[in-house]
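Please keep the sequence and the structure in view while reading.

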Amino acid sequence: MTDAPKPITILIADDDSDDRDMIKDAMKENRLANDLKFVGDGEELMDYLLRKGKYNSPQSSPRPGLILLDLNMPKKDGREALKEIKSNPELKSIPVVVLTTSKAQEDIYRTYDLGVNSFITKPVKFEALVSIVHDLGKYWFEIVELPSAVKQG
């Protein structure tokens, strides 16, 4: 019998505090025991990933095993941050799931061209978000084989 994998850190980049709370509540509803970290814009996301400023400690800012990325954020939007993540050899293996209100085909095509792993349109209703988080958890934590460096954070 193998040991259960250690829950990975999920880094959520979203500038809307209501959306962050809903995601947190949907995770709890699904009993996902993952460590959740939040950033409010693309610049803060990159500071976290590159361990700059207040994110310089690996203990308080562990490497995420999954990034949930909103596209429409201030300072640096999700598209710009995604491009930086996927062009950085140290970061490009981290799975990135776009979770955004955008339904624009242009955004879908562009983010896949930039290397996003999945594109999900944020639902309006909490029950629908709970369902999406359930499916995300099942897919990313039960079905997909992640590199061990990502699993260990």
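This is a predicted model: local features need pLDDT of at least 70, side-chain atom pairs count only at pLDDT 80 or more; totals for chains, interfaces and linings use all residues.

**Overall make-up**

Of the 153 residues in the protein, 47% are buried; buried means under 20% relative accessible area, exposed over 50%, and partly exposed in between, with a 1.4 Å probe and protein chains only. Residues are numbered from 1 along each chain as its sequence is written, and side-chain values use heavy atoms, with hydrogens and water left out.

The secondary structure consists of 6 helices and 5 strands. Helices (H or I, at least four residues) and strands (E, at least two) are DSSP runs numbered from the N terminus. Along the sequence the pattern reads β-α-β-α-β-α-β-α-β-α-α.

The surface carries a patch of negative charge formed by D15, D16, D18, D21, D25, E29 and E127. Patches are made of residues with over 30% relative accessible area and no salt bridge; like charges are joined within 9 Å, and nonpolar side chains (Val, Leu, Ile, Met, Phe, Trp, Tyr) within 5 Å. Asp and Glu count as negative and Lys and Arg as positive, with His and the chain ends not counted. The place of a charge is taken as NZ of Lys, CZ of Arg, CG of Asp or CD of Glu.

Helix α1 (residues 17-29) gives the largest share of this patch, 4 residues. D21 lies in helix α1 and is partly exposed at 40% relative accessibility. D15, in contrast, sits in the loop between β1 (9-13) and α1; D15 is also partly exposed, with a relative accessible area of 36%. D15 and D77 are 62 residues apart along the chain, and their C-alpha atoms are separated by 10.0 Å.

D77 also takes part in a salt bridge, with R79, where the closest N and O atoms are 3.1 Å apart. A salt bridge here is a side-chain nitrogen of Lys or Arg within 4 Å of a carboxyl oxygen of Asp or Glu. Both D77 and R79 are buried. Elsewhere, salt bridges that share partners join D14, D19, D70 and K122 into one network.

R79 leads on to helix α3 (residues 78-87), whose buried residues are G78, R79, A81, L82, I85 and K86. Seen down the axis of α3, these buried residues fall within an arc of 160°, so they line one face of the helix; the arc is that of the directions from the helix axis to the C-beta atoms. The face of α3 turned away from the buried side carries the exposed residues K83 and S87.

E84 and K76 meet through their side chains in a salt bridge of 2.6 Å, N to O. E84 is partly exposed at 31% relative accessible area, whereas K76 is buried at 16%.

In the whole structure, 9 salt bridges are found. One of them pairs E44 with K54, with the closest N and O atoms 3.7 Å apart. E44 lies in helix α2 (residues 42-49) and K54 in the loop between α2 and β3 (66-69), so the pair ties together parts that are 10 residues apart in sequence. K54 is exposed, with a relative accessible area of 64%.

Definitions and conventions:
Accessible areas come from the Shrake-Rupley method with a 1.4 Å probe; for residues, only the protein chains shown count as cover.
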